[in-house]
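Work through these exercises with the sequence and the model side by side. Try each task before you read its solution.

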Amino acid sequence: MALASLKSFRACSAGTPASRRVLLALGKSLSCASGQRKPPDPPSAVAMRELRPGDKCRYMFCRQNHVQLRIQALCVNDAAQLCGDTGSGPKANSRWMDERVFFRKLSSLSTSKEIFKFLSSLEVMSDIMASGALQRISEVEVNDNGLKNPEEVLESEVFKALCFQFEFEASKLSNTGLLNALQALIKLRIDPESTLMASLLSESEERLATRQLAVEHQCSLAESLLELEGPGCATLEQIMNRIQEEDIENWTPREMTMVYKMLQATVREGEQYHDLLNRMNSATLAIADQLSPNFTSIILNSLVVLQQAQAVPLVIALCKDSVKHVPYFTDDELVNVLDAFLCFGHREQSFTDALETHIPKSISSMHPETVSKVMQYCCQKTILSKPIFDAVAECFVSDADRFTTSQIAECIAPFGTLNYLPPSASSLFRKLETVLHTRFSQFQPHTLLNLLHSCVLIQRYPVNFLPKIFSPYFLQHLQAQPPGLDRFVASQLTRLFLTVTLECPFYEGPKLLPKYQVKAFLNPHCSLDFHLLKRVKVGLLYLLKKRIYFASEVSTPYFYIVDIEIKLDEEGFVLPAAQCEEVHKRIALCVDGRNRFCINSHNLLGEEAIKQRHLQLLGYKVVQVPFFEIESLHTSRKMAEYLHKKIFPHTYGLGC
């Protein structure tokens with residue numbers, strides 16, 4: 001009996017020093033006729049054969065402690081087929097568990113102890129089943145710090161037996177079993193220099209050299225090599241050369257997806273394989289409607305990472321097809337799809353409709369990162385979806401502790417940006433205040449400023465926290481972290497200061513020093529629609545007869561720029577715009593184009609709403625001229641009549 005040496009099975013973990021390099025020996029005798037590796041059997045037409053007494057030294061091994069495991073190998077050129085003759089194949093053996101049943105049971109187990117107990121109850125399993133078991137162990141036992149319970153996994157007799165079989169029978173394994181096992185063992189931090197890993201890697205590279213690996217198997221090998229050696233691995237270049245020689249038109253959706261994923265991990269911006277990507281993008285467009293939710297998500301994510309902005313037809317097709325997948329996306333998949341919508345600037349109303357149906361029903365089980373990404377999507381696309389916003393508000397009230405500080409800001413800020421108070425607003429902001437009191441120091445400066453700024457847009461005043469915001473200590477931290485105190489950040493600070501000055505006269509805390517204030521607010525989302533402005537100016541000229549009676553884009557001492565200003569004397573007569581004496585009233589015309597409203601809505605964005613509110617508090621008579629009221633007015637006369645009624649309603653119809 002050939003016993004594995006200490007070097008044959010070493011495990012590395014990123015955890016404690018004691019578990020960083022665990023040395024294990026197969027100390028128990030394994031009753032196998034020989035530990036020597038033997039050449040593979042000739043390729044067989046039957047993908048999976050039942051064990052025969054004469055094959056035991058090659059295809060099965062036994063373990064003491066009354067547990068026997070027999071791993072049935074597939075022939076090397078199996079093309080991942082899992083069925084053999086019905087009369088003589090494993091499924092005819094009563095000891096054989098159907099693979100679908102096996103994997104369904106395996107996915108329900110949540111600890112390595114449960115998995116080992118389940119495996120111990122089996123007498124025979126395929127190498128794909130065995131490698132699948134290793135993969136499931138890696139899923140439940142590995143976290144960011146490495147193996148959670150290294151001794152429990154690595155000291156298990158079942159685990160040792162599986163590793164022994166994979167090491168000494170590598171040449172008998174199917175491509176799928178071989179590469180799945182390799183990936184699982186890498187994730188389990190098994191030492192790359194151990195004879196176990198060397199055996200699997202050697203066999204994989206030999207099959208690559210002799211062209212025995214299909215496209216998906218080459219991608220699996222590439223993924224493993226990236227984990228072990230990084231993008232500089234010479235074998236990766238060999239794989240990429242092989243991939244470029246393949247007939248892309250005949251690739252399955254799975255193969256196409258795996259190549260995208262491999263390219264994403266190896267080349268990032270995709271310049272090195274520009275021609276390959278263009279061919280793949282064209283081929284994927286033809287099969288876009290055949291992709292599963294998982295494949296759709298992976299490909300969209302790859303297009304984002306590889307910066308495939310030129311693949312507009314494919315992006316649009318995948319975004320449209322993602323609508324039908326919304327109820328079936330996992331949290332991670334939905335995040336990938338939302339990122340693609342954000343990155344490529346695409347908007348699909350049917351996708352928003354699908355989210356409005358899905359999110360309220362599923363939000364209680366969603367990961368906070370997914371919830372915050374949905375809100376980020378709505379905010380950047382200026383989509384005021386009341387069903388989504390109401391569901392997020394209720395979720396935050398009941399489960400705020402699950403959210404990180406950045407996720408809290410991403411979930412709450414859109415309420416202010418899009419100027420919406422949900423029915424649960426009082427509970428929402430009471431909860432937010434509690435969170436701020438308990439976790440204030442955990443917020444990054446820019447995250448905190450953005451959150452509090454969004455609150456004042458909808459008249460929720462964080463007066464208890466403003467002394468800290470205006471303190472030199474906080475401002476220094478704000479300046480020290482990117483993007484520092486740029487004009488956008490200074491605009492937020494200035495608006496907080498102006499809000500507390502105008503709307504919270506009882507506030508007696510520190511003020512914002514003039515050196516941190518801007519001269520005029522920066523409102524990138526509420527810029528002026530100059531085409532609309534021109535039409536309004538033509539109408540005013542028709543109404544007032546002379547251009548001297550109104551001014552456009554007027555700067556004020558209060559940081560705002562008024563679209564159009566008209567001055568009146570005490571008797572209500574219009575004064576020349578340049579006159580500064582005897583001005584009794586100022587009229588501010590707010591020419592609100594589509595970009596100042598939420599998409600497909602008449603709901604003003606938060607920054608424009610607070611501007612009009614502040615102008616009123618500063619003494620202006622605010623007259624809103626929204627696009628939807630004037631887009632049908634095609635003549636100067638009709639525009640003048642509209643403006644007369646809006647600006648001077650008391651004289652309209654009197655022939656003045």
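The exercises below go from the whole chain to single residues.

This is a predicted model, in which local features need pLDDT of at least 70, side-chain atom pairs count only at pLDDT 80 or more, and totals for chains, interfaces and linings use all residues. Residues are numbered from 1 along each chain as its sequence is written, and side-chain values use heavy atoms, with hydrogens and water left out.

**Exercise 1. The whole chain**

Task: State how many helices and strands the chain has, and what share of its residues is buried.

Solution: 
- Step 1. Count the elements. The chain has 29 helices and 12 strands. Both are DSSP runs, numbered from the N terminus: helices are H or I with at least four residues, strands are E with at least two.
- Step 2. Turn to burial. Of the 656 residues, 54% count as buried. Buried means under 20% relative accessible area, exposed means over 50%, and partly exposed is in between (1.4 Å probe, protein chains only).
- Step 3. Look at contacts, meaning heavy atoms within 4.5 Å. Take those in the chain with a separation of 6 or more: residues 24 or more positions apart account for 71% of them.

**Exercise 2. The nonpolar cores**

Task: Find which residues touch the most other members of the largest nonpolar core.

Solution: 
- Step 1. A nonpolar core is a set of buried Ala, Val, Leu, Ile, Met, Phe, Trp, Tyr and Cys residues joined through side-chain atoms within 4.5 Å.
- Step 2. Go to the largest one. It has 167 residues, and Leu-119, Phe-159, Leu-185, Leu-263 and Phe-351 touch the most other members.
- Step 3. Look apart from it. Another core has 28 residues, among them Phe-550, Ile-566, Tyr-642 and Leu-643.
- Step 4. Recall the general rule. In soluble globular proteins, nonpolar side chains tend to be buried together.

**Exercise 3. The largest pocket**

Task: Describe the lining of the largest pocket, and name the element that gives the most to it.

Solution: 
- Step 1. On a 1 Å grid over the protein atoms alone, a pocket is an open set of points where a 1.4 Å probe fits, with protein on both sides within 12 Å along at least five of seven lines; lining residues have an atom within 4 Å of a point.
- Step 2. List the lining. It has 34 residues, and Gln-183, Ser-220, Glu-223, Met-258 and Lys-261 lie nearest the pocket centre.
- Step 3. Assign elements. Those that give two or more residues include helix H5 (127–141), helix H8 (175–187) and helix H10 (215–229). H10 gives the most, with 9 residues.
- Step 4. Sort by type. The lining divides into 12 nonpolar, 13 polar and 9 charged residues. Ala, Val, Leu, Ile, Met, Phe, Trp, Tyr, Cys and Pro count as nonpolar, Asp, Glu, Lys and Arg as charged, and the others, Gly among them, as polar.

**Exercise 4. Backbone exceptions**

Task: Find where the cis peptide bond is, and which residues have a positive phi.

Solution: 
- Step 1. Start from the rule. Most residues other than glycine have a negative phi, and most peptide bonds are trans.
- Step 2. The bond from Pro-482 to Pro-483 is cis, with omega near 0°. Pro-483 is in the loop between helix H24 (472–480) and helix H25 (487–503).
- Step 3. Thr-382 has a positive phi, near 50°. At 19% relative accessibility, Thr-382 counts as buried.
- Step 4. Glu-582 has a positive phi of about 60°. At 64% relative accessibility, Glu-582 counts as exposed.
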